[in-house]
Amino acid sequence: MTAAIEVENLRKRYEDVQALDGVSLSVPEGSFFGLLGPNGAGKTTFINILVGLVRRTGGRAEVFGHDVESEYRQARDAIGLAPQEFNVDRFFPIREVLKHKAGYHGVPAGEARGRADEVLKRVGIYEKRDTRFHWLSGGMKRRFMLARALITDPDLLILDEPTAGVDVQLRHELWDLITELNESGTTILLTTHYIEEAERLCDEVAILDSGNLVTVATPEELMDRGPDRITVTLRDAPASAPDLPTLAANRREGRVESVEMDGDQLVVTATKGGLVAPDLVRALDRAGHEIVDFDISRTSLEEVFVEMTREGGSDQQTEPVAAADGGVGRTNRGDSE
Amino acid sequence: MSAASGLTGFKTLVRREILRFLRRPRNTFVPPFVTNVLYFSVFGVILGDRVGGIEIAGDAVPYILFILPGLVVLGAISNAFENASFSIFHGRWNDYIEEPLTSPMSYSRMVVAYIAAGATRGLLVGTLIAVIGAFFTTVGVAHPIYLVAFALVITLLFSSFGVVGGLWADDWDNLTMMNQFIVRPLVFFGGVFYAVRDLPSPYYELSLLNPMVYMVNGVRYGFLGVSEVDPAWSLAVLSALTAAILAIDVVLFKRGYGLTE
């Protein structure tokens, strides 16, 4: 099966900043793929290369087997993009903007009209169809961005921070809508700052940091890589951590990272905590400790993400951003998170 | 992506561009209307009576009729240039040019769409000015084919220049500068208000380097049947220049000049 996105050794340099430094990854058709990374990691540059707003410096980038530069028409025909920054035609009411966007993609006028009404209803802003984008509320603007990405019925939907700055209710509504689209076969590429969003929605996530691909894995696999925290509350807790043979054995095998007392709680940090926990409970019982409470907390994707991008020094290398003074930022386009 | 669907994209962009200026008649038509009523009143009627006729190729042409083709050219090319440059620059400024840019439309179709819309505006404004002139004097059309051909070529040419301007500008001041300090002076020194043959040497020879002389005279030939330069030769050179600038526009779009990083 052809991958929805296939990039190999993709590079982009903005003068003295290496925004993408040899990224290679494949997004399977029909998948829900997350692109995570701190500010300036290269996420928006990656997306903009796919849609033709940024020219790559080197490497290969294909959408459904079509090179994004030499076969840009076929590649762009497959893509629906909802960028993070609002880039909507402000001369026309939103219904007309949608009809124009559909027309640019070759949809005849009559069909475009029907599609515009359909997507506006789908995202819940049909009653605002004759309003210009500028007059919509923040949440409606986000909904519109999604509607515009959907008007061309894309095979690949690219969502760059689609829920940035929206309230919880709308975020959940957008999640439901995106999930529905994915279930109907649309490939989704999602960039987000909300790790919960990636954890909840994505089949697979790639973590970018300072233009480098750190890893590609399922959220489950990533969370498995982080340690679990076992907290056991003891009655008449000892001053120091009890010397338990099972903990020592697990430590030797590298499964247990640390054991310490925190007040009346014994805190054990271990990879695959679920395997360590039964032995720990039995050992404590045998040693005569009475367990009052017990808890295992799994490492969150957020903690894994922070850990993986901590040493990348991403704050030191920031991608160029669009001109902040409202000027034309085409010459220094980059991540704008 | 079939050819038919590519054509739909082209038609949509042309329609969008034309609707943008048609829905703002106060911006599009009122300024040239007021300006040209003033031109015809002051230069044509008040000063024109004192100037009398201008002699071209042995014919004495009333001054108001003499300036009419130049005013048509001035209005037509200014509007063609302004429309294309404004539309592209405004789209870049507010990023919404990304709507067509991220579509499967070919770069050449995008360019031609912007140029066609700009030329349409130039033709409409040029026609408006001719109609205003008809209220001040009797306007005839001596060579309709030449008139249409020149009107088409000069509006297409300046719309093509407008595309370059819209891509090049990185501030609003750049757009104003191009129109006020390049286009208008060239037109004013292009024989709109005087016959270039009346100029002493070397100003006459220098004027012949100004492409506006050929445009004004071409349109004058269409209206009045008289010209200071050979209209067929002028039309050929202007057509070639238009094709060259259009090709440059397409190359700039393909390279992403001013559009992509």
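Helices (H or I, at least four residues) and strands (E, at least two) are DSSP runs, numbered from the N terminus. The expected span of a helix is 1.5 Å times one less than its number of residues.

This is a predicted model, where local features need pLDDT of at least 70, side-chain atom pairs count only at pLDDT 80 or more, and totals for chains, interfaces and linings use all residues. Residues are numbered from 1 along each chain as its sequence is written, chains are lettered from A and ligands numbered from 1 in the order written, and side-chain values use heavy atoms, leaving out hydrogens and water.

Let's start with helix H4 of chain A.

| Feature of H4(A) | Value |
|---|---|
| Residue range | 109–122 |
| Number of residues | 14 residues |
| First to last C-alpha | 20 Å |
| Expected span | 20 Å |

In general, an α-helix has 3.6 residues a turn, so residues three or four places apart point the same way. After H4(A) comes Gly124(A), with a positive phi near 85 degrees.

The largest cavity has a volume of about 130 Å³. Among its 15 lining residues, Gly80(A), Leu81(A), Lys101(A), Arg148(A) and Thr102(B) are the closest to its centre. A cavity here is a set of points on a 1 Å grid over the protein atoms alone where a 1.4 Å probe fits but cannot get out, and lining residues have an atom within 4 Å of a point. Its volume is the space filled by probe spheres set on the points, which are joined across faces, edges and corners.

Technical notes. On a 1 Å grid over the protein atoms alone, a cavity is a set of points where a 1.4 Å probe fits but cannot get out, and a pocket is an open set with protein on both sides within 12 Å along at least five of seven lines; lining residues have an atom within 4 Å of a point.
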